[in-house]
Structure formats: structure tokens, C-alpha cells
Amino acid sequence: MKLSRLFTRVLQRELQLAYRRRADLANPPLFFLIVVALFPLGVTPDLERLATMAAGVLWVAALLANLLSLDLLFRSDHEDGSLEQLLLASSPPTLIVLGKALAHWLVTGLPLTLMSPLLAMMLALSPAAMPLLMLSLALGTVTLSLVGGIGAALTVGLRQGGLLLTLLIMPLFVPVLIFGTAVVQAAGAGLPWSGQLALLAAMAVLALVSAPLATVAALRIAVEE
Amino acid sequence: MFAFDSLADFFAMGRHGLYVWTAYGFAAAVVIYNQLSPYLMQRRMVADHRRRQRREQGTQPASSSGVTPS
Amino acid sequence: MWQSSFWQSSFWKNLVRWFHKWTSPKWFYNLSRPLGAWIGWLALLILVVSLVWGLAFAPIERLQGNSYRIIFIHVPAAFLSQAIYAAIAALGLIGLVWRIKLAFYLAKQSVPIGASMAFLALVTGAIWGKPTWGAWWVWDARLTSMLVLLFLYLGLWALHNAMERPESGDRAAAILALVGVVNLPIIKFSVEWWNTLHQPATLKFTEAPPMHISMLIPFLLAILGFYLAAVAWALKRTRLEILQRERRTQWARDELDRLGGNV
Amino acid sequence: MTPVLSAQSLRCERDERLLFDRLDLSLMPGDILHLTGPNGSGKTTLLRALVGLGQAVEGHIQWFDGQVQSNEKIWYIGHRPGVTLLQSPLENLRYALALRGLERNESSLFEALEHVGLRGYEDVPSRQLSAGQQRRVALARLFLDTPSISVWVLDEPLTALDDKAVELLKARIQAFAAAGGSVLMTSHHGMSGDAVRTLALGGAE
């Protein structure tokens, strides 16, 4: 069987599982919505002042929403023993992990991206920045899913895994947050944004080639614990 | 060459005495922590070791007197 | 052909044998005892000399007044915290690739030292910021990077403690440290870029105007003193880690007896 | 004939206890190697180390001639059998095959599931099955015709099965060995037959 065939099989399985757990699926978008809705209540309803913060608020909220779902990435696989089978597969486990990360992005990063314009309007983000908000979120969440996978793998067998995951992964999300927000702010202010966007893309590529390796190495430890 | 006119001047550090001395105080605290914590660790380990030894000495007569462990 | 003869040469074999011997925990334990003590005393001497010099004898700085004297602890702590993180990642790689336990032990016990240095750099940076910028905390690029580094350290330590088996903790932390060390330059770059975007730095005290020789000497000495102290602490902590891991072996039991005072 | 598996001077310590030391074992085509021993004697640890899950065991382990990718020739079924509860037995079986780079048509999958007594349950979420039935989902792969697989590594395959299923699986294991396959397994049930060799762990205690 060709590798691409296995990849689609893995993707298919993950999406199917996500669909069967659709109650969990709603959590990140809901979280995203609630954080963004709370913000004006805590700060100010003044649209002009909200507009200056919109890019950062949207990005931070999206980042946290993404983090929320990462804990479950390998948990059930670990509990039922599928993780062992994954590591013993005849094809490179990195490929399977990549499939899982892509599935995670499809059910988390992509919905967050798609609903972001709606929330951006609530925060009065300038319309010119909307497409860039979506583009930066789409690119940035790919990195988050991949890098977050490393954290999820490191903490999968642990009792306090979710909390630890946050501590381990948050520092690594800093660059994504900085450049993601910068793209949106630059676009809103009519400044050039392509450089920042290119950096976001570069980080996604770097994560794409290196994160699965680290994730598999971490999973090998997890099945030993 | 002593950079200050008097000892009082030295402690005052211009108007920055509070900052300089707090910073050096924190440095001293960190140094002391790094110096002391291994010794606390060592004490704990020795105590654990003794406890383990007592346990082993306590169980030896029982097993040698013919009680089979389950 | 010269290659194969090299790998079979007695020089190479002796080197390998020496390496394996040196990386055996027991050998290291015995070797590092006198070594650590010497380094420790040397560090103490240099630290006292450099800090007294820096505090009392180095001339006052024209722009910042006496608050600049914080530099003698802030910069060494900042340097050291970064160097230790890099060392932890390198040791982790060595441990993962060559399965040398000693590298893992050294890496693990370097974490609290590095974390304490990052903490010290942050605190002294904040204290220095008050008379200089008028605020305790400024989102300066260096301070922000240092804060992220402290989080990375805390993550490493938490991961070590969360794992049930210390061997798993070693390898998990090594992976995390490697991921962190790849990310650290990216984080630093992004934070610096972000910083220049939002608030052009007015004064960077770590890049203070070229230092006069009478300031530079105690400054360099302080860096050396901090480095040596860190090495001494790491050796001491690693020795205890070795004892802890090998506590069932006879030599470790004897050593614990000796440390406890009942020989 | 090269052995399927040869391992020398294996040693394992766990939680301050020496489980085994200087253990040698080899597996030839047609062999059934039955690991026995009390709970906690290291059977599972050994099996997992042999298939490459974990570094708790020191020593030299070589599958086949040491050159081929061994994973694609081995079925490993562990304590946690790797049955996804949100998926049906059919989906589970198909995914297990995919991880070995294999595919089978619907009818042979149905046939295998029927062998293990899951007829009529093919499309039910595995969550709704009993513990024994869930184990059978994992075992179904052993009833498929998979020529590329020459080794089974089974950790307690007979637990949670009823008497009839135990006999069925034992017979299947014997048949696999008779056809030149090799089996490495742990079990508290006795295994009999010419091909069976027993290796007892933890006897020294």
C-alpha cells in the first residue's frame, strides 16, 4: 500500500473519530467566542479602542482555544493501546502523526479561522484586515497543531497532563502569536505585511518537517511510562 | 581606588542605594539557595537511606524464620 | 584505508575506553568530588573579588549613576541562564544519541541552576529598570525573552517531576530541551522584532557605552565567577543525582553511610 | 536457517528489582515460545522490549537477519489491544491492516470477524461490546490470510475469552506455527503441542 493511501486512511479515521465526538468539537469555537465576547465587557465597549486591540485579542483567544483541544490529541489512543500500534506500524510513524496533526487542524484551526471574521466584526477590526486575519490564523494554527502535538505527546500518559501541556507549549507559541498579530495590525494600518506572513509560513514549514519527529520520539516515551 | 567619599556614601549609592542593594540582596539569596539546596537534598537522601536500611534489617529475620511471603 | 586503521588504532581504542570510563557515573562521582571543591572555592574567591570591586571600587557611570552596578550580577546571570539552557539541550542530545546516563543526570540537575539564574536576571533587570525607565517592568526585548526562557526552564522541571520513572523524565526533558533550543533563537528574534515595532528602545544597558577598563575587569571577572560557581553547583547536584539513581548498589550505600556520618 | 528472533544477555531492572539477567532466547520458524511466570515477573516488559516498545531491557535483540524492516512481519497484540471504542469492529480491523500496509476485501474481513464470533456485530460501535468481544476485535486479524506476516507476538491473548474461544484461538495458533509461522506469547493457560517451548521467568525468586 502506498504511503499516500495510508495517510488518507489515517486522516479518514481521525475525522471520523472527531465526528463521533462532536460534542468535544464544539469546545474550541465556543471558547473562542466567549473569550472575545468577554473582552469588551472587561475593557471597554468603545469601538475605536477595541479596534486597536482586536488583532491581539483575536489571536490570543484563538491560541488558547487551540491549546484547549490539544490535550485530547493522543489521549484516547494512549488509553486503548492504539498508540502502540501506531508506533509499530510498517510505515514511518511520523507520517501517521502528521495525518493526526492535519486532522486536528481541520477540526480546530480551520473552524476558528472560518469564524474569526464574525468575531472580528464584534471587535470592530478594520475590514481591510479581515482577509489577512483569516490567512494568518490559517497558517499560524497549522504551526500550533504541529508544535502542540509535541507537547501533547510529552504529557499524554500523565495525570495532570493538560495543565503541564500549557506550561510546556505556551513559550513555544510566542513567535506565532507575535507575527500573527503583526500581520493583522500591519494590514489594518495599510502597511506592508507580506514579510510577516512569509515568516509565519516559514515557521509552519519548519514545524511541518521537524515537529513530527519530536512527537514520535515523545510518544515512544509515553508508551513506556 | 574606593569610588566613594565615605562609607555612608557607599551605602547610599547616590540616590540608587535601594535598587543596588536589593539587587545584590537577591543575588545573595540565589547564591545561598544554590549553595544550600544540594545539602538539603543530601540530608533527605541520607534519611531515606537510613529508613530503607532499617526496613531491610526489620524484614530479614522474618523471612529467615521460615515465613513464606505470599 | 587510513580510516579503518585509525578506528582500530590503540589511540582510538584508548580514547573510547577512557570516554566510557569517564562517563560511568561512579567514576565521575569520585573524580568530581575534589574537582568540584576546587572550582567552588575558586568561584567564591573570584565572585567576592569581582563584586566588591564592582560595588566599591569601579568608578561611577556617567549616565546611569550608581545603579549601573547591578550590571555586575544581571549580565552574568543572563548569560549563564542562556548558556545553561544550550548546555542542557546539548547534554540531552548526547544522552539520547549515545545513551549516556551521566549526560542526562547533568542536564537534569542543571535545570534548577539555570532557572535560578533566569530568575535573578529578571529580578535584577526589573530593579535596574525602575531608576532607569521609571517602571519596575518594561516590555523590553531582553527582559521579555528572559521571561520566556524562565517558562521554558519551569516546563523542563515540571516535566521531570511529572514522570513516574526518572528514565522517562530524562528522555522527555531532553526532547523538550531540543525543541526549546531550536525555538529559542526564533523566540528571541520575534521578541526583538516586536519590541522595535512597538517601542524603540531608548537605552539598552547591556549594550552600555564602551566600558572603561576599570569597569570591564570586574565585569569579566564576575562573569567568570558566576560560570565557575554554576559548574561547582552542577557537579555537586549531579553527584547527588548519581547517588539517588544508584542507591541500590553497594558503593552508593557505602557513600550514603559516609555522608550520613556512620562509617 | 536464520532464526526469526535471537536475543542475548537480556537484563531488566524495574523499580529496584532485578526481573531477569543474562536471559537468552531465540525463535525459529514454526516455534511457539510460551513465556510463563508469576505476575510482575517481567513477561509483558520483555515482550514489549522485543517488539521495540520501550528501552527498559538491556541486551542484544535481532529480528530476522537484522536487515529487514521487522515491523511489517509482526502482529503485536498487547494488554491494551488497540481497539478504538468509537469505531466498529470492521473499521478497527481495516485500520489495523492499514498500519501494516495491507488491505483486504470486505468479504474476507467479515469472514475473520465471523471466526471470532462477532457475526452481526460488524458495524456496531465497539464501545457497546463486552470486554471479551472487544478483545476478539483485536484477535480477528489473526484469522485473516496475511502471508506477509510471519510472527505473532501476543500478550495474554487468552484472557477474557470463554472456553470455546480459548480452544479456537489455541488451535489457530497451532495451525499458524504448523504453517511455518512463529509465535511469542504469554499466557496463564497451558499450551501443549510439539512446537511449544516454555520459558519461565521469575523462577529464581
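Trainee: In this predicted model, at what angle do helix H4 (residues 47-70) of chain A and helix H9 (residues 161-188) of chain A pack?

Mentor: The packing of two helices is described by the angle between their axes and the distance between the axes. For helix H4 (residues 47-70) and helix H9 (residues 161-188) of chain A, the axes lie 9 Å apart. The angle at which these two helices pack is about 150 degrees.

Trainee: Is Val36(A) buried or exposed?

Mentor: Val36(A) has its place in helix H3 (residues 27-42) of chain A. A residue is buried if 20 or more other C-beta atoms lie within 10 Å of its own. Because Val36(A) has 23 C-beta neighbours inside 10 Å, this residue counts as buried.

Trainee: How far apart in space are Val36(A) and Val57(A), C-alpha to C-alpha?

Mentor: Leaving aside neighbours within four places in sequence, Val36(A) is in contact with several residues, among them Leu58(A), Leu119(A) and Val57(A). In sequence, Val36(A) and Val57(A) are 21 residues apart. In space, their C-alpha to C-alpha separation is 7.0 Å.

Trainee: Between which chains are the most contacts made, among the four pairs of chains that touch?

Mentor: Chain A and chain B can be set aside, as they do not touch and their nearest C-alpha atoms are 23 Å apart. No contact joins chain B and chain D either, with closest C-alpha atoms 10 Å apart. Among the four pairs that do touch, the most contacts are between chains B and C.

Trainee: Which element gives the largest share of the side of chain C that touches chain B?

Mentor: The contact takes 31 residues from chain C and 24 residues from chain B. On the side of chain C, the elements that give two or more residues are helix H3 (25-57), helix H5 (101-133), helix H8 (213-245) and helix H9 (250-260). The residues on this side divide into five charged, seven polar and 19 nonpolar. The largest share, 10 residues, comes from H5(C).

Trainee: What share of the residues in chain B is buried?

Mentor: The secondary structure of chain B comes to two helices and zero strands. Chain B has 70 residues, and the buried share of them is 14%.

Trainee: Is the crossing of H3(C) and H8(C) left-handed or right-handed?

Mentor: H3(C) and H8(C) pack with their axes 7 Å apart, at an angle of about 150 degrees, and are therefore roughly antiparallel to each other. Their crossing is left-handed. The residues of this contact divide into two charged, six polar and 23 nonpolar.

Trainee: Which strands of the open sheet in chain D stand at the edges?

Mentor: Five strands form this sheet in the order E5-E6-E7-E3-E8, and the pairing is parallel. The twist averages 15 degrees from one strand to the next. An edge strand has a single partner strand, so one side of it is left without a neighbour in the sheet; the strands concerned are E5 (74-77) and E8 (196-200) of chain D.

Trainee: How many of the five residues of E3(D) are buried?

Mentor: E3(D) pairs in the parallel sense with E7(D) over four bridges and with E8(D) over five bridges. Ile32(D) stands opposite Val183(D) in E7(D), whereas His34(D) stands opposite Thr198(D) in E8(D). Helix H5 (residues 163-178) of chain D lies across E3, E6 and E7 of chain D. E3(D) is mostly covered, and its count of buried residues is four.

Trainee: Which residue in E7(D) is the bridge partner of Asp155(D)?

Mentor: Strand E6 (residues 151-155) and strand E7 (residues 182-186) of chain D pair in the parallel sense over five bridges. The bridge partner of Asp155(D) in E7(D) is Thr186(D).

Methods: Residues numbered from 1 in each chain as written. Chains lettered and ligands numbered in written order. Predicted model: local features only at pLDDT ≥ 70, side-chain atom pairs only at ≥ 80, totals over all residues. Contact = placed C-beta atoms within 7 Å. Nonpolar A, V, L, I, M, F, W, Y, C, P; charged D, E, K, R; others polar. Axes fitted to C-alpha atoms, helices over the stretch in contact; angles between N-to-C directions. Parallel < 35°, antiparallel > 145°, perpendicular 65-115°, else oblique. Left-handed = near helix turned anticlockwise from the far one by under 90°. Buried ≥ 20, exposed ≤ 12 C-beta atoms within 10 Å, placed from the backbone. Pairing = 2+ DSSP bridges.
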